[in-house]
Amino acid sequence: MNESWVVELAFAAMVLGTPLIFATIGEIMTERSGILNLGVQGMMLVGAVSAFWATYNTENLLLGLVAGILAGAALSVIHAFTSVTLRVNQIVSGLALTIFGTGLASFLGQAGSDPLVGNPAPVVFEPLFSGGITEWPIVGPLLFGHDLMVYVAWVVAGFASYYLFHTKMGLSLRAVGEDPASAEAAGINVSAVRYAYVMVGGALAGVGGAYYSLKIVPTWQDGPIGEAGWIAIALVILASWRPWRAVFAAYLFGAAGRVQFTLQTLGEPWSNIPSTILAMTPFVFAIIAMIVLTSGKRARFLGAPAALGIPYFREER
Amino acid sequence: MVDAANTETLAVELRNIDKSFYGVLANADVDFQLRHGEVHALLGENGAGKSTLCSILAGLYRPDSGEMFMDGEAAAFKSPKDALAAGVGMVYQHFRLVANLTVAENLALGHPDLGIRLDESRLQKEATELGERYGLGVDPSARIWQLSVGEQQRVEILKLLYRNAKVLILDEPTAVLTPQEAQALFKTMRQMAEEGRSVIFVSHKLHEVKQVSDRVTVLRGGRTVGGVDTADAEPRDLARMMVGRDLELPTRDPGAPPGEPVLSVTDLRVQSDRGLEAVRGMAFEVRAGEVVGISGVSGNGQRELAYGLVGLRTPTAGSVILGGNDVTSASVLQHIKQGIGYVPQSRLGMGLAPGLTTEENLALKAFRDPPYSKAGRLVQSAFRDEGAREIEEYDIRGVRPGLPIRLLSGGNLQKALVAREVELKPIVLIARSPTRGLDVGATEAVRNLILAERARGAGVLLISEDLDELLALSDRLLVIYEGEIVGRMPVEDASAERLGLLMAGQREEAPA
Amino acid sequence: MSTRRFIVEPRGLASPWLKLLVPIGSVFAALVVGAIFLALTGENPFSVYKEMAEAGFGTTRSVAETLLTATPLILTGVAAAIAFKMLVWNIGGEGQFLIGAVFASGVAIWLGDGAPAYVALPVVIVAGGIGGAFWASVSAVPRVYLGTNEIITTLMLNFIAINFTNYLIFGSTSPWRDPEGATFPQGRPIPDGSRIPEFFERLDYGIFIAIALAVLAWYLLGKTRWGFQVRIAGDSADTARYAGIGVSNKILGVFLLSGAYAGFAGGLFVAGPVGALDPRSLILGLGFTGIIVAALARLNPLAIIPVAVLMAALLNSGPSLQSIGVPTATVTMLQGAILLFAVAGEFLIQNRIRRPDKSPNTAPSSGEEASPA
């Protein structure tokens with residue numbers, strides 16, 4: 001059928017975009033509190049290897065997810081400590097954790113007498129529904145043909161969006177990221193808020209990583225997530241720090257790698273577009289968005305939280 | 001001391017309040033009484049202790065000793081949150097509003113009584129109602145950065161009313177308002193008082209105090225000087241209470257008569273950071289060999305005047321002629337080359353590079369030329385030798401090799417700063433509050449340096465709030481108020497009363 | 001008043017001992033962390049570390065290799081240091097390195113076989129610097145003229161550069177691609193005239209060029225009029241403006257210089273051991289490692305030289321680990337841990353911790369007005 005490649009591509013985009021949704025929304029929450037976490041890549045990787053290891057040994061997906069969450073959160077606590085308590089350079093701290101996390105994940109995958117490398121996951125995320133509705137045209141596979149985590153991602157996005165813009169705690173979070181001094185004056189504990197959301201970001205990054213190792217690339221190997229963590233950082237900007245936009249951005253760029261196969265099937269001239277150029281696209285768009293969105297009036301509505309990346313020093317009494 | 005004639009409970013009473021910062025006494029044995037339903041003005045010069053007292057009341061600081069009572073019961077606030085819970089709130093000069101959030105969101109922020117869910121429509125309705133009731137109308141869905149300063153101030157006040165504050169403290173609220181907005185604010189204040197709330201109104205402007213307050217308390221040097229009913233208070237008496245003592249006239253050598261004008265300022269207009277006009281058509285001149293002092297309470301345009309004169313901000317109108325050259329729109333570097341020296345108010349924030357050494361700071365403006373650099377290369381020996389000479393000559397103490405200058409004491413920092421400026425042998429030296437916060441020895445040293453410049457034939461413009469300093473050094477005095485010069489006199493004609501009145505906005509009958 | 005168990009306050013002047021102790025301590029702490037993970041997975045940390053040390057410095061050949069790897073690291077380290085000192089967060093060294101390599105190899109190929117070495121070589125290296133500066137300008141110009149935050153733009157440009165380099169060889173038939181690479185795409189070897197001569201094993205003169213450039217950076221920042229202005233602007237932008245210094249053009253200058261240094265690294269590397277635009281041999285994370293070197297050397301260009309050598313030894317020890325069955329990722333882990341401890345250690349240099357004393361506040365000699373009256 002002619003349109004089958006569209007559905008196929010869209011389906012793949014949703015699957016590949018799902019871990020990006022988790023990681024991006026996690027980073028949105030972190031950055032909304034004013035902390036820049038460049039360690040997302042490392043946190044996703046430790047999440048991936050931890051989830052794989054847990055599921056490999058217990059054959060239980062839920063435990064794998066939990067392991068991924070804990071691993072991501074644990075690594076992010078270090079970042080919270082250096083950024084919020086020690087107030088040292090957030091950029092360097094994040095980069096350090098990415099390098100460390102990357103090395104650690106690879107190490108854990110290869111270490112020991114019976115390394116994880118090369119082993120397939122005993123259980124992976126399978127589609128929730130089968131038969132019947134999954135065979136409806138277009139809507140069938142796209143809405144009903146997915147595994148649990150795709151739907152969980154939607155729930156997370158919806159919850160994050162509601163939380164951020166319609167609850168008192170979300171308001172406090174936004175205030176902390178915009179103007180921590182005024183937030184503190186209003187009685188909010190800025191440090192506690194930042195710790196909390198850095199860890200939320202790390203936990204969600206861990207979930208994103210787990211989805212890679214337990215679904216997308218279900219045989220453990222080095223670097224299963226590609227550049228996903230970096231793409232997530234880019235997507236935060238493209239999503240203007242809003243959770244629902246992150247879903248669309250993630251689906252759009254999640255397909256970037258997959259698109260190449262589709263282009264092959266379409267033949268000339270589409271198949272001539274190199275995969276490397278496609279892989280560049282999220283980053284190019286992020287830069288353009290950065291430049292356009294963060295200057296001038298638009299920045300106020302669509303730009304970064306004003307206090308992003310600036311360490312907060314509480315005034316002494 | 002409780003007013004025996006008053007039988008009703010006081011809204012707030014402070015007794016024997018002491019507060020020091022780093023050994024400097026900001027409030028000493030202060031008593032203060034606030035009644036229900038009154039607008040109470042707190043009057044005093046800068047440094048008199050008004051802001052400190054208010055901050056204690058608002059829970060920002062804890063007093064070192066003394067007692068506080070609210071409605072007759074002992075009270076102690078550990079934080080602004082505590083104070084607000086007890087019904088005391090303050091509108092600071094620097095607003096605590098989150099710029100990117102809406103008015104309604106700012107009202108809701110940190111509010112203890114709101115539920116988990118933000119009911120935006122309810123918030124907006126309540127904000128609108130509150131605004132209408134008190135004449136503080138603002139669009140609740142507007143973001144703070146979209147509002148004018150006057151509107152932002154309304155939001156700050158609404159915040160307090162939304163928490164049902166019974167005591168509201170406004171710190172110099174009219175500093176950022178137009179005259180019309182100020183009138184509207186006074187109306188609001190009176191309305192709040194009529195409801196039974198109490199308003200503390202910090203100000204240095206006598207006409208406002210007379211207009212809106214029921215009672216006035218004057219602070220000077222950290223102590224209460226007097227508390228009177230406004231109706232009974234004469235501006236002259238208030239001014240004298242504010243400024244206090246009979247100021248000593250200087251006993252310095254009058255020196256040679258001043259020469260030609262080295263700085264001529266005509267119809268100068270300079271904008272503030274917010275784009276409002278802070279210097280509104282000032283004209284004066286400074287002649288060689290004289291010290292012209294500009295006195296005034298801070299916030300009346302002094303900063304913008306200084307910036308406009310040295311090239312840090314381009315004036316929107318008028319001209320600045322320096323030694324015969326028009327430097328009105330010249331760059332900072334050109335100003336320096338044409339011979340202007342500037343001792344800014346912020347030592348470590350502007351005048352000195354805190355992380356660099358003393359020698360490097362002493363060369364901050366001269367480094368482009370020999371002996372400090374040759375052909376783009378720095379000559380380290382020049383830094384060392386010139387530095388050593390100046391450190392010796394100007395008695396800058398505490399210097400060690402490689403030590404960042406920020407570790408020096410205040411007096412030595414200022415000596416270094418002033419030393420650097422006078423070494424350039426400027427034609428005109430502009431100094432803002434040069435001896436503020438310095439001990440006796442350093443004050444003496446800096447004053448002598450200024451007088452030495454005067455003797456050398458430089459023209460000195462001394463911008464200060466310290467009347468003692470101004471009287472000790474100036475030949476002539478100008479008084480600045482709301483961006484204009486409202487008084488001119490030779491120093492012999494100056495008196496505490498006269499200066500106090502001018503600084504507080506009371507114009508003199510005859511043109512100066 | 002709430003009593004705290006200890007007080008953290010800014011330290012006045014850190015002693016030189018402390019400034020040396022923290023970097024050394026960072027390495028040591030990282031080794032401890034690494035040892036824990038090694039032990040947990042059944043390895044003997046001591047024998048692993050011994051193996052690594054031997055791989056880095058054991059034989060004269062390995063010393064040559066270490067110095068060879070140190071060459072680009074010195075330059076990417078200096079690149080990061082120059083920028084960070086000025087509070088310009090250029091984390092795009094990786095991309096600037098690669099584009100420098102692209103420019104350098106491109107010019108070399110274009111010059112062809114005919115150009116004599118004394119012409120070709122300087123031109124090629126300079127081309128590398130221009131490439132790096134050009135790549136940096138994509139972030140620098142928006143930063144200076146639009147205030148666009150450079151953290152994200154430089155970061156993103158890394159991945160664009162990586163993909164672009166791959167594109168040149170794997171995704172297209174560009175002039176960089178070897179026309180004779182029949183079975184597998186590879187970079188076209190650059191002419192001999194543009195290769196840096198070796199003098200000992202594989203070690204080439206590039207190491208001297210790198211050291212010279214590092215010394216030049218130290219000189220520029222510390223001994224010239226321009227460097228003085230840069231230091232003032234990096235210390236306090238307001239003070240710089242007050243002194244008549246143009247802050248924007250200093251930022252631009254530093255940013256471009258930083259990119260140029262990363263580009264020099266790429267140029268030296270491609271004209272040195274790699275000899276062609278070979279993505280697999282060039283995309284090694286040398287730009288990011290440079291940040292680690294800069295942080296450990298506390299942004300001092302001269303200190304970067306020995307630190308780069310140390311880091312190079314660490315990097316080179318990876319393959320030898322494989323031969324004893326230990327994951328090469330150990331090296332990456334140690335690098336990350338070193339950087340983490342180095343940046344956290346900076347806290348100890350800037351602040352000190354002490355018990356609160358009973359006496360009233362002593363003035364922290366700041367000179368600013370103490371009381372907000």
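Reply: Start with chains C and A. Here 41 residues of chain C are in contact with 40 residues of chain A. Two residues are in contact if their C-beta atoms, placed from the backbone, lie within 7 Å. This is a predicted model: local features need pLDDT of at least 70, side-chain atom pairs count only at pLDDT 80 or more, and totals for chains, interfaces and linings use all residues. Residues are numbered from 1 along each chain as its sequence is written, while chains are lettered from A and ligands numbered from 1 in the order in which they are written.

Now look at the chain C side. At least two residues each come from α5 (117-146), α6 (150-171), α12 (286-296) and α14 (329-350) of chain C. Helices are DSSP runs (H or I, at least four residues; strands are E, at least two), numbered from the N terminus. By class, this side of chain C has 26 nonpolar residues, 14 polar and one charged. Ala, Val, Leu, Ile, Met, Phe, Trp, Tyr, Cys and Pro count as nonpolar; Asp, Glu, Lys and Arg count as charged; the others, Gly among them, are polar.

Next, turn to chains A and B. There, 18 residues of chain A are in contact with 20 residues of chain B. On the chain A side, α7 (168-178) and α8 (180-185) of chain A give two or more residues. Of these, α7(A) gives the most, with six residues. The classes on this side of chain A are seven nonpolar, five polar and six charged.
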